[in-house]
Amino acid sequence: MRPDPVQRINKKALNVWRIIGAITSLIYWLPTVGYILFHYFIGFYGWIGWLLLILSSVLTFITIVTIPKIKWLRWRYEITEHEISLKYGVFIIRRSIIPMVRVQHVDTTQGPFLRYYGLATVMISTAAGSHEIPALSIQVADEVRNRISELARVADHDV
Amino acid sequence: MMSNRQRLHPSAIIFSIIKVIKDSVFPVIIFFITTLAGSGLLSTRMFWLIIVTIAFFAVMFIVAVIRWYRFHYSVEEDGLRIEYGVLIRNKRFIPQERIQTVNLTETVFHRLFNTVKVEIDTAGSSLQSEGGLTSINYEEAQYIKSHFSNQKAKHTIDNEENSADTIYTLNMKDLLIEASTSSGMGVFFIIIAGIFQLDYMIPTFDLLGILTGFIESNLKLVLFVLPIVVVLSWVFSVIGSMLKNANFTLKKEGNNLYISRGLLEKREIAIPIKRIQAIRVVEGIIRQPFGFVTVYVQSAGYGNDLGESTVLFPLLRRKKLYSFLESTVPKHFRIEGDLDRNDALVRLPRRSLLLKCIRYGVPALLMAAAMIYYLPWGWVSSMFVLFALAIAYFSYKDAGWMVEEGNRFTMRYRLLSRTTIICPKYRIQSAHVNQSLFQRRSRTTTILILIAGSIGVNTALWGVDEQEGMSFLHWFQAHKTRHTDS
């Protein structure tokens, strides 16, 4: 059985994901805050409020602390002469193989959060869709992009 | 003469503004008309509407300018390089070999500026917004076109010697069968189920109660009308289906498959055989017992076409399937041998049966429990669970995949209808093996392949043994030193 791909993505990805996680977890607080207000004005079933509070806190903790860490620990990629190998995912572990022959084009993109930390995402497109390697440092991202671009052209292809 | 980083001709700004105007003309006119009618020409509302519209277009103009400012392209020896994006910076390089065609188009406005629009088409995806250069100086465009047209992609060798025409037509009887067994009726039952669900979700409204009350008080009327309505709608759908597929003809000629069908609205499609990505054989739940299959072909488009899944033949007898495929598609897309044999395909491990039962059974159980709680005829919901378990069983039994001659990949799965996909390895754009938390403990995985032109078709197999999954990936990774496939 082939070993897992080797390369890891940039550690600063954690920061970006944490920030995004923080923003997302605001949503978890909506029902809690809503219920507390409700309870304040109308007030019954106080224990539900406590339950929601605990729930939101737990979810927020997981979203900001646990998940980004696991995500970062798990994200691996590897570029060989013949293929791009990816392994990622938190709840569902995904292994992807994209043959170099099938690569149509490679882009690097940077959203505002990534740009702040000097990171970029590499997007690899095949005829069937895109795949991405998130949060590499700009330099590495450019290198990866150029390398894939090189290899993709050298590879034998028919479509 | 290779160009450095350049921008598009400034007229591109005008073109994008024109496009925005074109897209927004209709709603804007509506707004104006309603405001005019409602509040009058000199009202404050009208005033604000005008201000907002002007502001909107001003913003659009600014955005267009920024976009133009940020867009750079350069023609290089071996490809086209593009940089674009306002908030998000994108860089792209389209290698020579990926470029299928370079199209030059021009509108009246283009002539004003002596520019043309350059569209660069690659296989598979549509790069309109990025690979399309909206407005370039004419000479420059010509240069680009000739520069990239010089080296066309290699032609794959067509090793099918069968150049004789093959024709398949759908006769009257089969047309009728096809129309009447198609799954359109399923929608009707879904609507009924939907009504049940709605009632569950809005108990105070008591939709079902109202419905039953109405039925009870007008029982005779309903009993008379309802069956007629059902039958009529079914008849209409059958007629519609027949009109659509009338005179269905499939012809293989040279390097193309030609499909024509329709009575009132005739459609003709040409599918280049070289562009076929995969063949799908679908056996619907009603048709399968009678031994009928439907064959779909998935093809990758040229240029703007994202590729599509088309009906290759709407109704075929399973016994004829092998010879049908043999006379229409290349070797790598055929089914040879009986797939129903247990040892033909790599099957799912035993434990997947139990897992599937859990996977389908538990949600069904939850739904059933809810239905029992809310609905008067709760026992119906137990049928639900039985139904779910039946699906689990059959989806386990029919699932499988295999590799033949190192190259031809076949995958079969079932939810309601049984689908078999056949494609050569080189048509698989990427292969994936996923494992959810649930699957981790049972050492099963999901294998998934991506094929061009099949967005929305789920080519995945759930419950594949871990080792088998890895060997699938392993097979996919193996490479020859030279590709000699066609």
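## Buried area between the chains

In this predicted model, chain A and chain B bury about 4100 Å² between them, with carbon and sulfur atoms giving 47% of that area. Buried area is the accessible area (1.4 Å probe) that two parts lose on being put together, summed over both. The contact (heavy atoms within 4.5 Å) takes 39 residues from chain A and 47 residues from chain B.

The model is predicted, and local features need pLDDT of at least 70, side-chain atom pairs count only at pLDDT 80 or more, and totals for chains, interfaces and linings use all residues. Residues are numbered from 1 along each chain as its sequence is written, chains are lettered from A in the order in which they are written, and side-chain values use heavy atoms, without hydrogens and water.

## Salt bridges

Three salt bridges are counted between chain A and chain B; the term denotes a side-chain nitrogen of Lys or Arg within 4 Å of a carboxyl oxygen of Asp or Glu. A:Arg153 forms a salt bridge with B:Asp78, and their closest N and O atoms are 2.8 Å apart.

## Elements on the chain A side

Strand S4 (92-99), strand S5 (105-109) and helix H4 (138-154) of chain A each supply at least two residues of the side that touches chain B. S4(A) gives the most, with eight residues. Helices (H or I, at least four residues) and strands (E, at least two) are DSSP runs, numbered from the N terminus.

## Strand pairing across the chains

S4(A) pairs with strand S17 (residues 428-436) of chain B in the antiparallel sense, over six bridges. Pairing requires that DSSP finds at least two bridges between two strands. The bridge partner of A:Ser96 in S17(B) is B:His432.
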